[in-house]
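Me: I would like to go through this model and ask what lies behind the terms used for it. Please set each value against its cut-off.

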Amino acid sequence: MMAPERRRAMENKFQRNDARCLPMSRMQAALGGKWKILILWYVACCKVQRFGELSRRLGTVTQSTLTRQLRDLEADGFLRREVYPEVPPRVEYSLTAQGESFVPILEQMLRWSEANLCRPEDGEQ
């Protein structure tokens with residue numbers, strides 16, 4: 001539950017009908033892709049992920065979509081991409097400091113989803 005003083009500050013900030021919350025808009029722009037939250041979650045859980053591992057974990061994502069979302073997350077400072085000079089090339093993704101700072105939010109999102117969106121009979125983790 002939101003603290004009363006924080007709620008008042010939010011209400012005061014958005015009293016005009018056309019008020020826009022820039023920080024939330026920027027977060028939506030950075031994390032708005034269909035797969036970005038899951039990509040961050042899997043990289044956070046596994047510490048390092050390769051392209052093929054992420055593709056298998058996500059299941060139905062296309063190669064071009066996964067490539068685009070990984071590049072977006074790298075450009076927005078959440079992921080680090082490391083290319084190893086091998087044949088075939090090996091590319092690994094890990095969290096940056098900014099990405100690491102987002103992990104507690106991902107964990108809270110997981111708890112909220114478990115409490116509000118997952119039914120025990122679903123059997124999903």
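Reply: Leaving aside residues up to four places away in sequence, K36 touches A29, A30, L31, Q69, D72 and L73. The model is a predicted one.

Me: Why is K36 called buried?

Reply: The relative accessibility of K36 is 4%. Buried means under 20%, so K36 counts as buried. K36 is placed in helix 3, residues 36-46.

Me: What makes helix 3 roughly perpendicular to helix 5?

Reply: The axes of helix 3 and helix 5 (residues 63-75) cross at roughly 70 degrees and come within 10 Å. Angles of 65 to 115 degrees count as roughly perpendicular, and therefore helix 3 is described that way relative to helix 5. On the helix 3 side the contact is made by K36, I39 and L40, and on the helix 5 side by L66, Q69, L70, D72 and L73.

Me: Why is C21 called partly exposed?

Reply: C21 has 22% relative accessibility. Buried requires a value under 20% and exposed one over 50%, so C21 falls in between and counts as partly exposed.

Me: Which label does C45 get, buried, partly exposed or exposed?

Reply: C45 has a relative accessible area of 46%. Exposed would need over 50%, so C45 is partly exposed.

Me: What makes strand 2 and strand 3 a pair?

Reply: Strand 2 (residues 79-84) and strand 3 (residues 90-95) are joined by 6 bridges. At least two are needed for pairing, so the two strands count as paired, and they run antiparallel. One of the bridges links Y84 to R90 in strand 3. The two strands form a hairpin, with 5 residues between them.

Me: What is the make-up of the chain, and how much of it is buried?

Reply: The protein chain has 6 helices and 3 strands, in the order α-α-α-β-α-α-β-β-α along the sequence. Of its 125 residues, 24% count as buried. The accessible surface comes to about 9300 Å², and 52% of that belongs to carbon and sulfur atoms. Among contacts with a separation of 6 or more, 47% are between residues 24 or more positions apart.

Conventions:
Residues numbered from 1 in each chain as written. Predicted model: local features only at pLDDT ≥ 70, side-chain atom pairs only at ≥ 80, totals over all residues. Heavy atoms only, no water. Helix = DSSP H or I, 4+ residues; strand = E, 2+ residues; numbered from the N terminus. Buried < 20%, exposed > 50% of the residue type's maximum accessible area, 1.4 Å probe, protein only. Contact = heavy atoms within 4.5 Å. Areas by Shrake-Rupley, 256 points an atom, 1.4 Å probe, with all protein chains shown as cover. Axes fitted to C-alpha atoms, helices over the stretch in contact; angles between N-to-C directions. Parallel < 35°, antiparallel > 145°, perpendicular 65-115°, else oblique.
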